[in-house]
Amino acid sequence: MAESGALDGDLADPGDPSRMVLDADQITRACARMAHQILEANRGARGLVLLGIPTRGVVLAHRLAAAMAEVEGTDIPVGALDVTMYRDDLRRQPTRVVGRTQVPVEIDDAVVVLVDDVLYSGRTVRAALDALGDLGRPRAVRLAVLIDRGHRELPIRADHVGKNLPTRAGERVSVRLSEIDGVNEVTIVSETGAPGDAEEDPV
């Protein structure tokens, strides 16, 4: 997958673990930018299906769909793709709660855009691809993420990125969205200081 450029602006200093890197307006602009990129790559909205990876990926998928609807004047199907049972860390964390997969339309021959908040090791995306393969055979699969923080362990790259954010392995990226957290912001936090329900999945 081909990676897009970052949002305009300076990258956060990885040495400052508490620095805000995106505020509410910047998140909105990042989503609008990615929405336009998706439409341009697809030459319109025809055949597009957005599947968010829970939890915040689903929220972002709905935001992207809303931004695309403003441009195209048509609704984009949005769903959720739970990857819990496809993860490679179930033996270490067997008590994970299984979520719901909701696919609004048939995905055979569709262009499926997987949406997540943070791209890190790539293992969650690999699990999503495995889950998607059990649902059908899309014509193409693309990946849109709000933050790409690096540290990849698998050969996976995003097609559409809101912001490339270099980080240290000992840091975490905290994405908070108003629909879940009551606030819109992305910050770099120390591993001990991140709110547990707002961190990206380490896998």
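What share of the contacts in the chain with a separation of 6 or more do residues 24 or more positions apart account for? Such residues account for 72% of these contacts, where contact means heavy atoms within 4.5 Å.

## Basis of the report

This is a predicted model, in which local features need pLDDT of at least 70 and side-chain atom pairs count only at pLDDT 80 or more, while totals for chains, interfaces and linings use all residues. Residues are numbered from 1 along each chain as its sequence is written, and side-chain values use heavy atoms, with hydrogens and water left out.

## Overall architecture

The chain contains 4 helices and 8 strands. Both kinds of element are DSSP runs numbered from the N terminus: helices are H or I runs of at least four residues, and strands are E runs of at least two. Read from the N terminus, the order of elements is β-α-β-α-β-β-α-β-β-β-α-β.

Of the 203 residues, 50% count as buried. Buried means under 20% relative accessible area, exposed means over 50%, and partly exposed lies in between (1.4 Å probe, protein chains only). The chain exposes about 9800 Å², and carbon and sulfur atoms supply 46% of that area. Accessible areas come from the Shrake-Rupley method with a 1.4 Å probe, and for residues only the protein chains shown count as cover.

## Salt bridges

A salt bridge is a side-chain nitrogen of Lys or Arg within 4 Å of a carboxyl oxygen of Asp or Glu. By this rule the structure has 7 salt bridges. One of them joins Arg63 to Glu179, with the closest N and O atoms 2.6 Å apart. This pair links distant parts of the chain, as Arg63 belongs to helix H2 (residues 56-72) and Glu179 to helix H4 (residues 178-181), 116 residues apart. Arg63 counts as buried because its relative accessibility is 19%.

Arg123 takes part in two of the pairs described here. With Asp88 it forms a salt bridge of 2.7 Å, N to O. Arg123 lies in helix H3 (residues 123-133), whereas Asp88 lies 35 residues away in the loop between strand S3 (78-80) and strand S4 (111-119). Arg123 also forms a salt bridge with Glu153, and the closest N and O atoms are again 2.7 Å apart. Glu153 is found in the loop between strand S5 (140-148) and strand S6 (160-164), 30 residues from Arg123. Through shared partners, salt bridges join Asp88, Arg123, Arg126 and Glu153 into one network.

Arg123, at 26%, counts as partly exposed, and so does Asp88, at 37%. Glu153, at 51% relative accessibility, counts as exposed.

## Surroundings of Leu119

Leu119 lies in strand S4. At 2% relative accessibility, Leu119 counts as buried. Beyond its neighbours within four places in sequence, Leu119 is in contact with several residues, including Val125, Leu143, Val145, Ile147, Arg149 and Ala158. Leu119 and Ala158 are 39 residues apart along the chain, and their C-alpha atoms are separated by 7.9 Å.

## Aromatic rings

The charged end of Arg149 sits over the ring of Tyr120, 4.1 Å from its centre. A charge sits over a ring if NZ of Lys or CZ of Arg is within 6 Å of the ring centre and within 35 degrees of the ring normal.
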